[in-house]
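Biologist: I have a structure open and a few things to ask about it. Can we go through it bit by bit?

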Amino acid sequence: MQKTVVINLVALTSKLLGEYTPFLSRWSQEQQILPIAPVLPAVTCTVQATYLTGKLPHEHGIVGNGWYFQDECEIKFWRQSNKLIQAPKIWEVAKELDHNFTCANLFWWYNMYSTADYTITPRPIYTADGRKIPDIYTQPGDLRSPLQKTLGNFPLFNYWGPNTSIQASKWIAEAAKWVDNHYHPTLTLIYLPHLDYCLQKYGTDIDKIKQDLLEIDAACQDLITFYQNRNTQVIVLSEYGITTVTQPIHINRLLRQHNLLTVREELGGEKLDPGASQAFAVADHQIAHVYINNSLVRDKVRSLLEQTPGIAYVLDDVSKQQYHLAHPRSGELIAIAQPHAWFTYYYWFHDHRAPDFARTVDIHRKPGYDPVELFFDPKIKFPRLKVAGELLKKQMNWRYLMNVIPLKAELVRGSHGCIPPSPEEGALLITSRADLVDSASIKATDVYQVILDHLQK
């Protein structure tokens, strides 16, 4: 098989190729650029599962970045077991075609306990005293120590949160080169998230993201040059484009106003109680799975959603099939936002009643995706000094709460998940192998075959 690398440059669109991406712009002009018709929802876990299986969400089961686990009555986001994907992955099929084939999966999601040969994914250590220590999970396990000895610990706090920076993507790029030097995999999958975060913070305002564009462009130049010098075929692709947003939709507050959502009081704050609610929403960027425990309120819920400004349409049992989301993990109804709007997970009416984790970076306890975690609270005059003070408490083994995140959804200026307004604002694939594609655009499910063809031809 032909050695191939797939660089997932999250949120790259053809509209972003220009003055502030000099290398990628020049390099892509020598390649074939294909718009990718999006899958719904256009969010990380769903899109990656589609690319790696060639199947749609109703087949592979990844209906979002998180969903309601009905047998546990719990909402869970950002799970990591590869066994959640209910379809064969591309590396499994490739290995059947060639027993010498090997695959390295570097930071694509659902990366734990998979059948890929080499894997690296974030896996913080959560200690009994409340600390979160940056770390990774690798397969094989003995890859972890020499990798971090060479590159240093994975910069987790630059990977997500208000301190996001190019350092996380650069670390992943260096890890990819390290793995290639040591293991020489046939297929390497690399996830570079840097653009995703600045675009969610600022939208498509080029003046505010031009430095980020220059930074990821330089990282890509180094990485692509490395692989081309090793006679490796290079595919660059993205999962979605990000559109500028101006309207947060507090969908759970709406349901609570109509006595459909139940909360539980804990330590003076409120926690969503999904198992006791008649209806609640799992907010995920521009899509919200709405789960209904009492079928008698279904029509009422649908009517409320359809009358809510910012919601473009609501999927029911029939339309879920049309959009390939008819899966047991999906909500009874699915709300899709208009391109300028997005869904918050907020369910409290007064900020002083928000749970303690609401003002922290806590992607697992929050019952929905929270892009406000990318911001320091503007009320804190010296946020980095506050962070330093909390870290000092950690070093002294004191319990601490890193409550530096605001509760201001209006700060978020970019989102994704719905079908983009135009192909130029959506995902793309770039390859030099024009002979392997026979159309001017491809479907998200076609990416699987394009990668497989690169390996075989």
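Biologist: Where is the place of His285?
Modeller: His285 sits in the loop between strand 16 (279-284) and strand 17 (287-292). Strands here are DSSP runs of E with at least two residues, helices are runs of H or I with at least four, and both are numbered from the N terminus. Before going on: this is a predicted model, where local features need pLDDT of at least 70 and side-chain atom pairs count only at pLDDT 80 or more, while totals for chains, interfaces and linings use all residues. Residues are numbered from 1 along each chain as its sequence is written, and side-chain values use heavy atoms, with hydrogens and water left out.

Biologist: Is His285 buried or exposed?
Modeller: His285 has a relative accessible area of 3%, so it is buried. Buried means under 20% relative accessible area, exposed means over 50%, and partly exposed is in between, with a 1.4 Å probe and protein chains only. His285 also has a positive phi of about 60°, although it is not a glycine.

Biologist: Which side chain makes a polar contact with the side chain of His285?
Modeller: That of His416, at 3.1 Å. A polar contact is a pair of N or O atoms within 3.5 Å; within protein, one must be able to donate a hydrogen and the other to accept it, and residues adjacent in sequence count only if both atoms are side-chain atoms. The His416 side chain makes a polar contact with the side chain of Tyr240 too, at 3.5 Å.

Biologist: Where is His416 found, then?
Modeller: In the loop between strand 21 (414-415) and strand 22 (428-431). His416 has 2% relative accessibility, so it counts as buried.

Biologist: What else is His416 in contact with?
Modeller: Setting aside neighbours within four places in sequence, the list for His416 includes Ala42, Val43, Asp196, Gln200, Gly241, Ile242 and Gln286. Contact means heavy atoms within 4.5 Å.

Biologist: New topic. How do the axes of helix 8 and helix 9 cross?
Modeller: Helix 8 (residues 194-202) and helix 9 (residues 206-228) have axes that come within 10 Å and cross at roughly 175°. Helix 8 is therefore roughly antiparallel to helix 9. Axes are lines fitted to C-alpha atoms, for helices over the stretch in contact, with angles from 0 to 180 degrees between N-to-C directions. Angles under 35 degrees count as roughly parallel, over 145 as roughly antiparallel, 65 to 115 as roughly perpendicular and the rest as oblique.

Biologist: Which residues meet there?
Modeller: From helix 8, His194, Leu195, Cys198, Leu199 and Tyr202; from helix 9, Lys208, Ile209, Asp212, Leu213, Glu215 and Ile216. By class, that contact has seven nonpolar, one polar and three charged residues. Ala, Val, Leu, Ile, Met, Phe, Trp, Tyr, Cys and Pro count as nonpolar, Asp, Glu, Lys and Arg as charged, and the others, Gly among them, as polar.

Biologist: How many disulfides does a search of the whole structure find?
Modeller: Zero, where a disulfide is a pair of cysteine sulfur atoms within 2.5 Å. For Cys103, the nearest cysteine sulfur is that of Cys45, 17 Å away.

Biologist: Last one: which peptide bond into Pro41 is cis?
Modeller: The one from Leu40, with omega near 0°. Pro41 is in the loop between strand 2 (32-37) and helix 2 (44-53).
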